[in-house]
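Keep the structure open while you read.

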Amino acid sequence: MNPTTTAQSEPDTTPANRGPFRVGDRVQLTDPKGRMHTVVLEPGREFHTHRGALAHDAIIGRPDGSVVRSTGGTEYLALRPLLSDYVLSMPRGAQVIYPKDAAQIVTMGDIFPGARVLEAGAGSGALANWLLRAVGPSGDLISYELREDFAAIARRNVEAFFGGPHPAWTLRTGDVLDTTETGFDRIILDLLAPWDAVDLISRALVPGGVFIGYVATTTQLSDLVEALREKGGFTEPRAWESLVRDWHAEGLAVRPDHRMIAHTAFLVSARKLAPGVRCRPSATRRRWSPRRGTARRTATCPRGWSARRPTTACPTTAS
């Protein structure tokens, strides 16, 4: 089979993001003060502000990155919005996952073309856009959302960005805990109590598959990490957050901006191990089980990838 022919036969789900502006394109207009407005180009329409009107026909046919002038003399920079721009300006039901966290999920979760991914909850569809970009038309993204109104918003936002239904996306209204499907390469959960889904994660992930949990508070982080450890069959969970700070650079005046995108959420990740394999933490620690309300001490072995032993010292390190 000719690879070129195969690539051409795949459905094109990517927004028109190259070449001159065309009818139906989404355009971001930035005024001299940095204020941004987004319009969808239609013949004969006009964009109106207190600074005058700007005809869509004056934009259609121009190259990306052009400067156009309103009837009031104000110049606007016209650019196709990036996905990061789109998700921050699209209609919302639930709070969206910020681009800095979505980038971490796609990168650290190693979302690849053709991957089979389970997502819950879908919220306003921000993360679904990133995941669909990553898995491509040959992938499979199944998104769950409990609320029908949020699911409707998510569907509209995703279809608006991709110009119609994406062939790799299935959106379901309901509880992800009710799913019986398995064989997922990646599972991404943005839930109030993701530790309740640990059995689902263990059953539905393929060996070597990656789980990422998106949680807002330290107590949620702690409960999720401990639930993964308690379940077993996962690598030692990793928890982190990302902070983004711009820098002001003008001549010799180089300094950090006074504002930054600080805490938005914590991310917790772990990988599924082969059946019968358990990863024990690398050092003896006092562990807290919130559901039992008791503390306990667990003997661990830094080289151990096996079932728990009732020993009090590590046989590979004891003198």
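A crossing of two helices is right-handed if the near helix is turned clockwise from the far one by less than a right angle, and left-handed if anticlockwise. Keep in mind that this model is predicted.

Q: What share of the contacts with a separation of 6 or more comes from residues 24 or more positions apart?
A: Take the contacts in the chain with a separation of 6 or more. Then pick out those between residues 24 or more positions apart. Their share is 61%.

Q: Is helix 4 mostly covered or mostly open?
A: Helix 4 spans residues 126-135. Its buried residues include Trp130, Leu131 and Leu132. Nine of its ten residues are buried, and helix 4 is mostly covered.

Q: Which hand does the crossing of helix 4 and helix 5 have?
A: Helix 5 covers residues 148-162. The two axes come within 9 Å and cross at roughly 45 degrees. Helix 4 and helix 5 are therefore oblique to each other. The hand of their crossing is right-handed.

Q: How do the residues of the contact of helix 4 with helix 5 divide by class?
A: Helix 4 brings Ala128, Asn129, Leu132 and Arg133 to the contact. Helix 5 brings Asn157, Val158, Phe161 and Phe162. The classes are five nonpolar, two polar and one charged.

Q: How many polar and charged residues does the contact of helix 3 with helix 4 have?
A: Helix 3 and helix 4 pack at an angle of about 35 degrees, with axes 10 Å apart. Their crossing is right-handed. Pro99, Ala102, Ile105 and Val106 of helix 3 meet Leu127, Trp130, Leu131 and Ala134 of helix 4. By class there are eight nonpolar residues, no polar and no charged.

Q: What covers the buried residues of helix 3?
A: The buried residues in helix 3 are Pro99, Lys100, Asp101, Ala102 and Ile105. Their cover includes helices and strands. Among them are helix 2, helix 4, strand 10, strand 11 and strand 15.

Q: Which residue with a positive phi follows helix 4?
A: Helix 4 also ends before a residue with a positive phi. The value is near 75 degrees. This residue is glycine 136.

Q: Where is the cis peptide bond with omega near -15 degrees?
A: Most peptide bonds are trans. This one is cis, and glycine 121 takes part in it. Glycine 121 lies in the loop between strand 7 and helix 4. The bond runs from alanine 120 to glycine 121.

Q: Is glutamate 226 buried or exposed?
A: Glutamate 226 is in helix 7, residues 218-231. Buried means under 20% relative accessible area. Glutamate 226 has 12%, so the word for it is buried.

Q: How far apart in space are glutamate 46 and serine 70, C-alpha to C-alpha?
A: Glutamate 46 is in strand 3. It counts as partly exposed, at 41% relative accessibility. Glutamate 46 and serine 70 are 24 residues apart in sequence. In space, the distance is 9.9 Å.

Q: Which residues are in contact with aspartate 257, leaving aside its neighbours within four places in sequence?
A: Aspartate 257 lies in the loop between strand 14 and strand 15. At 29% relative accessibility, it counts as partly exposed. Its C-alpha is 5.1 Å from that of tryptophan 247, ten residues away in sequence. The residues in contact are Arg245, Asp246, Trp247 and His248.

Definitions and conventions. Residues are numbered from 1 along each chain as its sequence is written. This is a predicted model: local features need pLDDT of at least 70, side-chain atom pairs count only at pLDDT 80 or more; totals for chains, interfaces and linings use all residues. Side-chain values use heavy atoms; hydrogens and water are left out. Buried means under 20% relative accessible area, exposed over 50%, partly exposed in between (1.4 Å probe, protein chains only). Helices (H or I, at least four residues) and strands (E, at least two) are DSSP runs, numbered from the N terminus. Contact means heavy atoms within 4.5 Å. Axes are lines fitted to C-alpha atoms, for helices over the stretch in contact, and angles run from 0 to 180 degrees between N-to-C directions. Angles under 35 degrees count as roughly parallel, over 145 as roughly antiparallel, 65 to 115 as roughly perpendicular and the rest as oblique. Ala, Val, Leu, Ile, Met, Phe, Trp, Tyr, Cys and Pro count as nonpolar, Asp, Glu, Lys and Arg as charged, and the others, Gly among them, as polar.
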